[in-house]
Amino acid sequence: MLLLALFALTGARDPILVPEVSQHEVLVRQGFTGTELLLFGAILDPAGTRAARDYDVVVVLKGPTEPIRLREKSKVGGVWLNAASTDFRSAPSYFAVAASRPVKDIVDERTAAIYEFGTDFIQLSPIGEIDPQEQARFSAGLVDLMRRQGLYAEAMTGVKISGQVLYQARFQLPSSVQTGTYTAETFAVTRGRVVASAIAEVEVRKVGFERFVELFAQQQSLLYGLLAVSLSVAMGWIAGRLFALI
């Protein structure tokens, strides 16, 4: 009974994560060029004191999910045309991972896949039946496209831990980030096992004229489309008249 009590007490002393972010709200206005988010916090034991052992920390920052169609280009007769395509039901509009060490040195692939510890482990939901090899090809293509836009990123030594207590990680949000709620989930890992997790949220929203245009496009989509086409035609006509005068 004493041994059982000892094991029970030992198992109950998993750490507690106390996460925080530098800003809970990111305002996108005219001239927005992106911003940096600082995620930081502390690793404590249940008694509120310094954790008794070394832990690795992994932080996963995800933006709102959205359906997406991915098309593959194929060269036919010297012309690039749309060929195969696939649809994903839910793909994160932003995805970034930071870790205190390379994930492959912290957990096995199965654990990394469960918690999405890297762009190779993003849980996409394809629509309809798709060959596994083809799905892997399209998934890799999606990750490559988003990485080149600065929307997917990995920093396998991006988490700094001080004195086994404090940790911090920095993430870059590009100017093209979508609005919505972003979740930053922090994981404490030891001996290949996730022993604690905590979530912080960041709201990205547009303000000013950009917010007005966004709401107008969502609430009056037909009128917005007609106005956009009319404006394009008018600008083209004006440009043509100016060139004619020159």
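**Aromatic pairs and the nonpolar core**

Let me start with Y115: this residue is partly exposed, and its relative accessible area is 31%. Please keep in mind that what we are looking at is a predicted model.

How many aromatic pairs does the structure hold? There are five. One of them joins Y94 and Y182, and the geometry is tilted, with 6.0 Å from centre to centre and 55° between the planes. Y94 sits in the loop between β6 (79-92) and β7 (95-99), while Y182 belongs to strand β11 (residues 180-190), so this pair ties together parts lying 88 residues apart in sequence. As for the solvent, both Y94 and Y182 are buried.

Now back to Y115. Together with F117 it makes a stacked aromatic pair, with centres 5.7 Å apart and planes at 25° to each other. Is F117 buried or exposed? F117 counts as buried, at 2% relative accessibility, whereas Y115, as I said, is partly exposed. Ring pairs also bring in F187, giving a cluster of Y115, F117 and F187.

Next, the core. The largest nonpolar core has 54 residues, and the members that touch the most others are L61, Y94, F117, F171 and V177. Which strand gives the most to this core? That is β12 (residues 193-206), with seven residues.

Last, the surroundings of Y94. Leaving aside residues up to four places away in sequence, Y94 touches, among others, L61, F171 and V177. Its contacts also include K62, G63, G150, L151, Y152 and P174, along with its ring partner Y182.

How values were computed
Residues are numbered from 1 along each chain as its sequence is written. This is a predicted model: local features need pLDDT of at least 70, side-chain atom pairs count only at pLDDT 80 or more; totals for chains, interfaces and linings use all residues. Side-chain values use heavy atoms; hydrogens and water are left out. Rings of Phe, Tyr and Trp (its six-membered ring) pair if their centres lie within 6.5 Å; planes under 30 degrees apart count as stacked, over 60 as edge-to-face and the rest as tilted. Helices (H or I, at least four residues) and strands (E, at least two) are DSSP runs, numbered from the N terminus. Buried means under 20% relative accessible area, exposed over 50%, partly exposed in between (1.4 Å probe, protein chains only). A nonpolar core is a set of buried Ala, Val, Leu, Ile, Met, Phe, Trp, Tyr and Cys residues joined through side-chain atoms within 4.5 Å. Contact means heavy atoms within 4.5 Å.
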